[in-house]
There are 2 protein chains.
Amino acid sequence: MSTTTKRAYNFNAGPSALPLEVLQKAQAELVDFQGTGMSVMELSHRSATFEAVHNEAIANLRKLFAVPDNYEIVFLQGGASLQFSMIPMNFLTEGKRANYVLTGSWSEKALKEAKFSGEAVASVSTKENKYKNIPTEVEVGENDAYVHITSNNTIYGTQWKTFPETGNVPLIADMSSDIMSKPVDISKFGMIYAGAQKNLGPSGVTVAIIRKDLLESANTNLPTMLKYDTFVANNSLYNTPPTFGIYMLGEVLKWIEAQGGLEQVAKNNEAKAALIYDAIDNSNGFYYGHAEEGSRSLMNITFRVADEELEKQFLKEAEEAGFVGLSGHRSVGGCRASTYNAVPTEACQALADFMKAFQAKHQ
Amino acid sequence: MSTTTKRAYNFNAGPSALPLEVLQKAQAELVDFQGTGMSVMELSHRSATFEAVHNEAIANLRKLFAVPDNYEIVFLQGGASLQFSMIPMNFLTEGKRANYVLTGSWSEKALKEAKFSGEAVASVSTKENKYKNIPTEVEVGENDAYVHITSNNTIYGTQWKTFPETGNVPLIADMSSDIMSKPVDISKFGMIYAGAQKNLGPSGVTVAIIRKDLLESANTNLPTMLKYDTFVANNSLYNTPPTFGIYMLGEVLKWIEAQGGLEQVAKNNEAKAALIYDAIDNSNGFYYGHAEEGSRSLMNITFRVADEELEKQFLKEAEEAGFVGLSGHRSVGGCRASTYNAVPTEACQALADFMKAFQAKHQ
């Protein structure tokens, strides 16, 4: 393996950058894992070698994210999109209402799927404000089975800064795009779930953290693979899990630990995002952000170049300069820099510098 | 990378052996894919680079498995186990009956899940014969939505040699453990599906090949991620797919092509299985097979050592000699050698030699 590795400035929204050290370790042991004469992909999921990988990943996730003992951690497949269905199937019990807070496209999709299982409403929505902000409070009904939020909105670039109080009603959060980007008080949640492909590893693994009492009162008459209890009761090994993805997730967790854990990762993420937000805010309107300032995401920085023609030019020149993934989501356009955990500070500095130089050249 | 790679004799039932050449190529390009400065895992699933990988995998699957134009090919998640639910959800239409042929544990599981969606029966079962055989014919009802079979039974080591005639009723086959181990006349099937982790790649990707007319008459009022049409209409890119698994599957397909395609792969598999079956058949009863001779699988060779104490000794000594995965499934015990496409002839020869030597020593 070469010592000088060419690396793109990868700002993809997901799948996205992985830590170089993790990729290099995976590369080194890809053909022969721990002297077994097999790739980690060739191990039986019932083997002691793989089970150690699997259990270590779960244990490290619990430790680093400070997941209390009264929560189960499971690995699923199908991305957050399948969770949009599984959550109401399991937790929207008879006679109850599911309460969705809409802060973007992913919340809308989650609500749409819930309607297959029963009564589901959007109690609060910031759609009329083009999803530029996070609501300051939520409305909780006595009869709510749960309140569902999207903690970070990849497409619009907004993020919950403080999580809403929902009293006795379980709060469920899709944290696909900011899980483990900072410490979170897990005890405020009934359930947290996330596709791994932004902050935790490659695509194909979904993490769910579920409070035990929710499982105890969940619907039971469900297809085996759509029932959380199947995964809980079998330590996520009821059927063959995505073994390589779980291995990679475990390696990313070790890398998080080596960074100094979530406190340090959060500081890094704040500093990284500040570099780019500063380039926007100090541009005298040459660039402007989509999200309102108090709702800005530290994971997905959405912005526009005020001049539409220059915006095209910006994206073109950025691509030529080695920046990847800066086009906004196809549903909204514009620009977006995703600065997940594994995006290095240098890449963010390089983008900020590029933005300033582009402005100086074209203003 | 070292030129002498230690390789285990990997007879795992799945996840299982992958071609060494594929692992070495994946290793070489793991950190920098095609000069992008990114791992294939770091590519956006919407990028041209990944879409080329994705579409090439689908095209090669169509070519090598000779999938006619009136069939769609999709990549799913959740393994065959989730398909056990999706198939009846989509295809067990109102007033119809689902017809399951039971040849082992996986068929039983498939039937169990179908019962959540409507009327589902076991029309034929070989359970009373301890699943030692494949039935010679099936019973098809006029009102059947489909007939479901498991083409190869991993646990019991049986395999359909000729597929049943089901007339106008679509035949659906779980081919998880023998897909692309030999040429198959796809036109006999309404749908074929398979978890990738035996013959096609790592775990975490499921392949489905679905005749278009089945899709046209399928149930529509289903959750988005449980509806085949979602995957068909979006070229399996509705949400983030398991990108690394699809890449690996594509590389395995190229390897199959390099072997000479399925005709040659089938010949290799026959020769490989014959080495081990001969060791059983020529042992004068020291070893005996579980499956009846006419139903023997070329993928999973299930056998016992007649003396139970010696069987324990056999598994112990085999493990010490570098053979991996020879214990039978935990539900049935005994011994099992899984000889999927990527298991080399040398490994099968080594096992046959070991079996003969063990017999000579202990008889």
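**Close-up views of two interfaces**

**View 1. Domain 1 of chain A against domain 2 of chain A.** In this predicted model, domain 1 of chain A and domain 2 of chain A bury about 2100 Å² between them, with 55% of it on carbon and sulfur atoms; buried area here is the accessible area (1.4 Å probe) that two parts lose on being put together, summed over both. Look for A:K132, A:I155 and A:G157, which supply 23% of the area that domain 1 buries against domain 2, more than any other three residues. The domain assignment, automatic or from a database, gives domain 1 as 25-258 and domain 2 as 261-362. The contact (heavy atoms within 4.5 Å) takes 28 residues from domain 1 of chain A and 25 residues from domain 2 of chain A.

**View 2. Polar contacts between the domains of chain A.** Here you will find 16 residue pairs in polar contact, both residues at pLDDT 80 or more. A polar contact is a pair of N or O atoms within 3.5 Å, one able to donate a hydrogen and the other to accept it; residues adjacent in sequence count only if both atoms are side-chain atoms. Salt bridges between these domains number zero; the term means a side-chain nitrogen of Lys or Arg within 4 Å of a carboxyl oxygen of Asp or Glu.

**View 3. Chain B meeting chain A.** Between them, chain B and chain A bury about 4900 Å², 58% of it on carbon and sulfur atoms. On the chain B side, B:V31, B:M41 and B:E42 lose the most area to chain A, together 13% of what that side buries. In all, 63 residues of chain B are in contact with 63 residues of chain A. The copies meet through the same surface, because 100% of the interface residues of chain B are also interface residues in chain A.

**View 4. A salt bridge between the chains.** The side chains of B:R7 and A:E42 meet in a salt bridge, at 2.8 Å from N to O. The count between chain B and chain A is two salt bridges, alongside 25 residue pairs in polar contact.

**Notes for all views.** Residues are numbered from 1 along each chain as its sequence is written, and chains are lettered from A and ligands numbered from 1 in the order in which they are written. Local features need pLDDT of at least 70, side-chain atom pairs count only at pLDDT 80 or more, and totals for chains, interfaces and linings use all residues, while side-chain values use heavy atoms, leaving out hydrogens and water.
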